[in-house]
Amino acid sequence: GQPLGPRRLSLKPVPKLPNMEAFLDEALAKVKRQARGCLAPELCFQAVRAATQSPFGAGVRRERELFQVLLGSGQARALQYAFFAERAVRRWATPGGASWSSAAPQPVRRAAVIGLGTMGRGIVTSLVKANIPLVALEQDLENLNKGRKAVMLLLEREAVKMEGGAQTLDFHNPARLQFTVDFDLLHDVDLVIEAVFENMALKKEIFHKLSKICKPGALLCTNTSALNIDEIASATNRPQQVIGTHFFSPAHVMRLLEIIYGRHTSPTAIATAMQLAKALKKVGVVVGNCFGFVGNRMMFPYVQQAVFLLEEGSRPEAVDQVLEDFGFKIGPFRMSDLAGLDVGWRSRKDQGLTGPSLPVGTPARQRHGQRYSPLPDLLCEHGRFGQKSGKGWYLYEKAGGRTATPDPWLHNFLSQYRDTHGIPTRFIDQEEILERCLFALINEGFAILAEGIASGPEHLD
């Protein structure tokens with residue numbers, strides 16, 4: 001029975017809350033922590049704060065001012081570029097003339113993953129989430145049971161994150177996810193992803209086996225992070241079906257999927273891998289075959305500069321801080337600890353850069369006529385492999401711990417190393433850290449582009 005007058009929210013007074021300032025300060029601290037280096041979230045916060053402090057009209061004017069700041073910012077241009085770049089990479093092309101417009105993908109009704117280490121587990125999880133039935137294979141029962149446990153744990157966590165709980169992820173059904181040590185069960189899969197550790201002989205042995213067992217049309221993918229795709233393909237009777245699908249760790253979280261074609265890889269294989277990336281809700285980027293491809297090849301000089309900075313007087317936490325403040329999610333040393341220092345060590349051993357394979361009299365800090373730092377190798381020799389061993393560039397609360405704290409042992413180790421090699425310790429400012437790491441990254445990008453390994457700058461970015 002009451003008249004319905006105008007009920008404009010904008011005319012209502014803003015309720016005053018007793019602890020408003022404390023609440024807003026806490027919120028700002030949280031925003032700054034989560035959005036390091038990003039303008040927009042902080043300005044959004046300021047717009048909300050204005051709404052609590054001013055009448056509606058003044059609040060709207062403030063919001064418009066803040067929006068204008070963002071509109072003309074370099075960050076807005078960069079985000080727009082990233083948005084379009086992510087869409088541009090779907091239109092792939094190779095120097096041989098194959099391209100997205102003429103190649104059609106094969107359907108993938110059933111897949112397989114070989115190797116249930118860190119990468120294999122993440123890849124299995126990604127496939128299950130994409131509703132692709134699969135077979136997960138390990139070399140022996142002990143590793144299979146260990147891998148199965150870890151995969152189930154990951155899937156249970158993912159199921160909790162997805163609405164509807166475990167029902168939406170049908171991973172207890174053997175028709176959807178089957179664990180085995182028997183290669184013969186791969187005879188009818190449409191696609192196999194090999195995810196064993198980085199060892200050429202082992203990968204070739206597996207691919208030789210696969211080319212005998214898998215049906216003729218099956219796609220054979222390798223999750224190598226640096227090894228030669230053509231050499232892996234040479235172990236098969238179908239090099240046109242072999243392709244690199246390089247997932248980034250953790251594979252069920254990271255959105256990038258690097259797709260590497262070899263000399264003989266067919267356009268259909270590339271199109272199928274790109275289609276798989278889309279099904280897994282990942283950004284597939286097609287690149288050529290060279291050591292480290294694009295992602296890791298660009299990381300090498302970036303991490304190398306970071307290590308050189310330690311040689312000259314910096315500390316891991318100082319380098320990471322500068323790069324994280326600039327906007328990287330994670331600095332190079334925290335990243336190395338997360339990935340495991342032994343991965344790079346194994347790769348450097350295979351390249352003959354470290355250990356007994358070096359000719360007598362090789363200078364400690366030079367390889368192939370280039371500057372080289374043995375620091376990461378020395379850390380591995382001390383059993384410091386990163387988070388997995390509880391210590392690497394940082395110290396962790398336990399093996400497998402996540403909380404990185406600066407380690408006095410390492411600081412001492414660095415100063416002893418400088419003394420041994422007669423390197424004077426100097427103060428290195430933030431700008432030098434940022435420029436040396438970033439320019440090394442950008443420079444390598446230009447080299448990759450010049451060699452035609454990537455077909456456009458968007459692919460690198």
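Modeller: The chain holds 17 helices and 10 strands, in what is a predicted model. Along the principal axes, the C-alpha atoms fill a box of roughly 80 × 70 × 45 Å.

Biologist: How is the chain divided into domains?

Modeller: Domain 1 covers 5-72, domain 2 covers 111-289 and domain 3 covers 295-459. The centres of domain 1 and domain 2, taken over C-alpha atoms, are separated by 46 Å.

Biologist: Why is His-208 called partly exposed?

Modeller: Its relative accessibility is 41%. Partly exposed covers what lies between the buried limit of under 20% and the exposed limit of over 50%, so His-208 counts as partly exposed. His-208 lies in helix H7, residues 200-213.

Biologist: Ser-211 is found in helix H7 too. What makes Ser-211 count as buried?

Modeller: Ser-211 has 7% relative accessibility, and buried means under 20%; Ser-211 therefore counts as buried. Not counting residues up to four places away in sequence, Ser-211 touches Leu-220, Ala-235, Thr-236, Asn-237 and Arg-238. With Asn-237, the separation is 26 residues in sequence and 6.2 Å in space, C-alpha to C-alpha.

Biologist: What share of the residues in the chain is buried?

Modeller: Buried residues make up 44% of the 461 residues. As for contacts with a separation of 6 or more, 68% of them are accounted for by residues 24 or more positions apart.

Biologist: Which residues have the most contacts inside the largest nonpolar core?

Modeller: They are Ile-114, Leu-186, Leu-210 and Trp-393, in a core of 61 residues. Helix H10 (residues 295-312) supplies the largest share of this core, 6 residues. At least three residues of the core come from each of domain 2 (111-289) and domain 3 (295-459). A second, separate core has 43 residues, including Leu-127, Leu-134, Met-274 and Leu-276.

Biologist: What does Leu-186 touch, not counting residues up to four places away in sequence?

Modeller: Leu-186 touches Ala-112, Ile-114, Val-135, Leu-137, Leu-210, Ile-213 and Cys-214.

Biologist: What does UniProt annotate at residues 292-396?

Modeller: An unreviewed UniProt entry annotates them as "domain: 3-hydroxyacyl-CoA dehydrogenase C-terminal". In the model, this span is 51% helix and 4% strand, and its end C-alpha atoms lie 29 Å apart.

Biologist: How many aromatic pairs are found, and why is the pair of Phe-326 and Phe-328 called tilted?

Modeller: The whole structure has 7 aromatic pairs. For Phe-326 and Phe-328, the ring centres are 6.2 Å apart and the planes are at 35°. Phe-326 is partly exposed at 45% relative accessible area, and Phe-328 is partly exposed at 28%. Together with Tyr-302, Phe-326 and Phe-328 form one aromatic cluster.

Biologist: What makes the pair of Trp-345 and Phe-385 tie together parts of the chain?

Modeller: Trp-345 lies in helix H13 (residues 341-350) and Phe-385 in the loop between helix H14 (375-381) and helix H15 (408-421), so the pair ties together parts that are 40 residues apart in sequence. This pair is tilted, at 6.3 Å centre to centre and 35° between the planes.

Biologist: Are Trp-345 and Phe-385 buried or partly exposed?

Modeller: The buried limit is under 20%. Trp-345 has a relative accessible area of 14% and is therefore buried, whereas Phe-385, with 23%, is partly exposed.

Key: Residues numbered from 1 in each chain as written. Predicted model: local features only at pLDDT ≥ 70, side-chain atom pairs only at ≥ 80, totals over all residues. Heavy atoms only, no water. Domains from an automatic or database assignment. Core = buried A, V, L, I, M, F, W, Y, C linked by side-chain atoms within 4.5 Å. Buried < 20%, exposed > 50% of the residue type's maximum accessible area, 1.4 Å probe, protein only. Helix = DSSP H or I, 4+ residues; strand = E, 2+ residues; numbered from the N terminus. Contact = heavy atoms within 4.5 Å. UniProt positions renumbered as here; feature names shortened; annotations may be inferred. Phe/Tyr/Trp six-rings, centres within 6.5 Å; stacked < 30°, edge-to-face > 60°.
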